[in-house]
Amino acid sequence: NEDAAHDCLSDLGKLGAIQFTDLNPDLTPFQRRYVSYVKRCDELERKLRFFHAEIDKFELDIASAGRVDAFLSTPGITSGSGEASKASGAQLLETLEGELGGYESQL
């Protein structure tokens, strides 16, 4: 199960006790399996930069949403404990894309 693999690697990454060896050093970055996810994340980052520029342009005061670590440790956000009720990384990405896309179209 791919989600179980993500859970396992997430937990190992949080421990800081893992190192990866590239078993396909001859592949270019665009030939890698997860390149589509990276492109989607780049697009989300572009939208966030756009929102930041608009906030600055209109000199709006915004409150901090908190730290990323606190967000990621929120129950129900990541699939770190193996509970079926938690969203997978792909589901979270799709949700975020939908929300940011809606906000972008409003602007």
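## A pocket and its lining

Eleven names to look for on the structure: Glu2, Ala5, His6, Leu9, Phe20, Asn24, Leu27, Gln31, Arg32, Arg33 and Tyr34 line the second largest pocket. A pocket here is an open set of points on a 1 Å grid over the protein atoms alone, where a 1.4 Å probe fits, with protein on both sides within 12 Å along at least five of seven lines; a lining residue has an atom within 4 Å of a point. The volume of this pocket is about 270 Å³, counted as the space filled by probe spheres set on the points, which are joined across faces, edges and corners.

What is the lining made of? It splits into 5 nonpolar, 3 polar and 3 charged residues. Nonpolar covers Ala, Val, Leu, Ile, Met, Phe, Trp, Tyr, Cys and Pro; charged covers Asp, Glu, Lys and Arg; the others, Gly among them, are polar.

## About the model

You're looking at a predicted model, where local features need pLDDT of at least 70 and side-chain atom pairs count only at pLDDT 80 or more, while totals for chains, interfaces and linings use all residues. Numbering starts from 1 along each chain as its sequence is written, and side-chain values use heavy atoms, leaving out hydrogens and water.

## Helix H1

Helices are DSSP runs (H or I, at least four residues), numbered from the N terminus. H1 takes in residues 2-15, 14 residues in total, and spans 20 Å from first C-alpha to last, close to the expected 20 Å. That expected span is 1.5 Å times one less than the number of residues. Just past H1 comes glycine 16, with a positive phi of about 70 degrees.

## Salt bridges

A salt bridge means a side-chain nitrogen of Lys or Arg within 4 Å of a carboxyl oxygen of Asp or Glu, and by that rule there are 8. One of them joins arginine 49 to glutamate 45, at 3.8 Å from N to O. Both sit in helix H2 (residues 35-57), 4 residues apart, or about one turn. Another pairs glutamate 54 with lysine 57, with closest N and O atoms 3.4 Å apart; these two are 3 residues apart in H2, again about one helical turn. Why does that spacing work? An α-helix has 3.6 residues a turn, so residues three or four places apart point the same way.

As for exposure (buried is under 20% relative accessible area, exposed over 50%, partly exposed in between, with a 1.4 Å probe and protein chains only), glutamate 54 is buried at 17%, whereas lysine 57 is exposed at 54%. Glutamate 45 is partly exposed at 42%.
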